[in-house]
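Trainee: I would like to take a close look at one part of this structure, namely how one chain is divided and what surrounds the division. Could you please guide me through it in a connected way?

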Amino acid sequence: MVKQLVFTLALLVTIGFFGFTTYRFINYFKFTKPAFPVRDLGKRLWVMMDVAIGQTKIFRQPVMGFFHALVFWGFCVIAIGSIEMIFDGLFGTERFLEFLGPVYNLISASADIFGLLVGISIIIFISRRLFFHIKRFEGIEMKPVSHKDANLALVMILALMVSLLSMNMAYYAGIQQSGKSLAGIYPVSSLLAGFLAGVEPARLGVIYEISWWSHILLIFIFANILPYSKHFHVFMSVPNVFLSRLEPLGKLPNMDSVMKEVQMMLDPNASLSAESTDVPVERFGIKDAEDVTWKNYLDSLACTECGRCTSVCPANLTGKRLSPRKIIMDVRARMKEKGPGLIKNGRLFSDHKSLVRDFISEEELWACTTCNACARECPININHPILIVDMRRYLVLEEASAPGGIKAVFTNIENNGAPWQFSMEDRLLWAQNIELRIA
Amino acid sequence: MEIRKVEVPVMADLHARGKQAEFLFWVGCAGAFDDRYQKVTKDFVKILAFLNVSYAVLGKEESCTGDPARRAGNEMLYQMQAFQNIALFKKYDIRKVLTICPHCYNIFKNEYPDLGAGFEVINYLQFLDHMILSGQLILDPQALSNVSVTYHDPCYLGRANDIYFEPRSILKKLTTNIVEMKRNRSFALCCGAGGAQMFKEAEKGDKEVFIERTEEALQTGAKVIATACPFCMTMLTDGIKYKNREEDVKNLDIAELIVQSLNI
């Protein structure tokens, strides 16, 4: 009974604190702009099965992708066991899901195997971070805190797996000694239980209890640390994939706000007939946190800073300042900085800083070739180029700011309908003197 | 051997005579003005004439799609261009558009519909591959004496629109000696010209993107770097010059390779 009370209290604290944290994040979505309507649920479900559950994009780097997939699939299976532990903790039951029979055997066996596989993967991840120089983990945006976050998360996951396996081992060894019937199958722990062969039953019970409590409490703590680090990814990435932009990568979103003005310019009669709608003056493009779309912000929360985007960026590969990962991280950082002020003082709040310039320089924005390598690579379908172009839109449309060569392109297109200074009259010069040889 | 002069039909002339062409061949600014790339335009037109395709160009009425303006953030200018082009297409009742430039292809296919366009867009590689597969265009795989070719995927055909099959399918009809670069298909490295980079100085860095990509292409040992985009062509041709490999390595468009193999 005491155990149940303590457990219930721990669970309530966990849920309460998690709710408080996520409420703050969700609140900031109020200040974001529309991106696209969420339709085609069938297609979205398919993308989620393919990219998130199937891990297809992470496999673009096959070796490390494989270990990540093991961890992800392991989490999915082990989560079922964690839910069972919550029931057991609340109701004082033991192996609540045992009634599932063969299904329980499957769940317990795969969780037990994945416990080992995830543990091994995590050891590989930690050693890679500690003993190898991985270029992808470096960069101007990677601060010591990023590395600390990563190592902390890895150590916690390792501890989760160790406690899971020792719990199963103690359970299996205890059952062996008492001769009671075993609930579930434990292919890995049953082998490892040999180490506990000589341990007396009372001590096995203690090992079991310690493992059980440390496992579930670690989950509670882990769940509450995640939202404060880049590992919010654990919760946000599957929803982010489900809410992917479904358009081809080559397609930029249309600016409807500009469309009305352009139509009026092209057809003055239309402007007379069109009713002047009282649409509040909207900012063109993205200057600051409140200009990003909900998808941009969701992307930034889901990003785990893996750097696959930056590792394929042609600008970054050739030493330019642009790093697509930084752009996404900056959105999250800026919202975190400005969000409380926006909540307190409303949308017009200003702290005399902005995302463009104070976080992301013009130099970074103009280095992008819009090649979409970053977006193609991102394992959770984050789209960086759209965000970059939206910031260019702000610079060009609101400030008329662009590199000299680009300004010349604008002038040429306006004057002679081509990015170069050639007359439209000369558009057919190439067509003279074309000869076809006929055999 | 007979030599025939190719007349390029112009939409306005056809219209004046009450005629209609099946395809609009959208030449694009680079196709019309770029010294090197004009050769690709000519070669594509030769193939169209060779196949007796019913087509016409807009000629002096053609104007930038607005792509470089749009990707540089000037949505206003892009939409001005787009609305005017769409109106012109409506005037001539244009239903099918053939493009050689991937940037024109992408913007027509993906972005003009948002402004009310409703025409079909076909990239020349899709068109040519269809002609080959349907038996209308027959290529001799020996004609180029099995020259080694590597293909550089343009971002706006590849990642932007998932066109990876057609260029390779065509090249397989031209040579059995295709060597892929380390980064190919959806992994392909940009030539460095997209997103209006073509028209500005590169930001400070330790290398030019086009050199990085040219080096990768040269590593394959291929004698021909095949491209399918005017900007990629400018970049890789420059790269070959920069690397002093003009003597032994050529940068050719897929349309040029077809014309060479047909010997037309």
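Mentor: The domain assignment of chain B, whose bounds come from an automatic or database assignment, gives domain 1 (11-129) and domain 2 (138-262). The model is predicted, so local features need pLDDT of at least 70 and side-chain atom pairs count only at pLDDT 80 or more, while totals for chains, interfaces and linings use all residues. Residues are numbered from 1 along each chain as its sequence is written, and chains are lettered from A and ligands numbered from 1 in the order in which they are written.

Taken over C-alpha atoms, the centres of domain 1 and domain 2 of chain B are 23 Å apart. Their contact takes 28 residues from domain 1 of chain B and 25 residues from domain 2 of chain B; two residues are in contact if their C-beta atoms, placed from the backbone, lie within 7 Å. On the side of domain 1 of chain B that touches domain 2, H2, H3, H4, H6 and helix H7 (124-133) of chain B each supply at least two residues. Helices (H or I, at least four residues) and strands (E, at least two) are DSSP runs, numbered from the N terminus. H3(B) gives the most to this side, with seven residues. By class, the side has 14 nonpolar, six polar and eight charged residues. Here Ala, Val, Leu, Ile, Met, Phe, Trp, Tyr, Cys and Pro count as nonpolar, Asp, Glu, Lys and Arg as charged, and the others, Gly among them, as polar.

Chain B also touches chain A, in a contact of 66 residues from chain B and 59 residues from chain A. Among the elements of chain B that each supply at least two residues to its side are strand S1 (2-5), helix H3 (38-50) and helix H9 (209-219). That side of chain B has 27 nonpolar, 18 polar and 21 charged residues. Strand S1 (residues 435-438) of chain A runs antiparallel to S1(B), and four bridges join them; two strands pair if DSSP finds at least two bridges between them. Within this pairing, Arg437(A) has Ile3(B) as its bridge partner.

The largest nonpolar core has 153 residues, and those with the most contacts inside it include Met391(A), Leu24(B) and Leu236(B). Such a core is a set of buried Ala, Val, Leu, Ile, Met, Phe, Trp, Tyr and Cys residues joined through C-beta atoms within 7 Å, a residue being buried if 20 or more other C-beta atoms lie within 10 Å of its own. Helix H18 (residues 384-399) of chain A provides the largest share of this core, nine residues. Leaving aside neighbours within four places in sequence, Leu236(B) is in contact with residues including His152(B), Cys191(B) and Phe210(B).

Methods
Buried ≥ 20, exposed ≤ 12 C-beta atoms within 10 Å, placed from the backbone.
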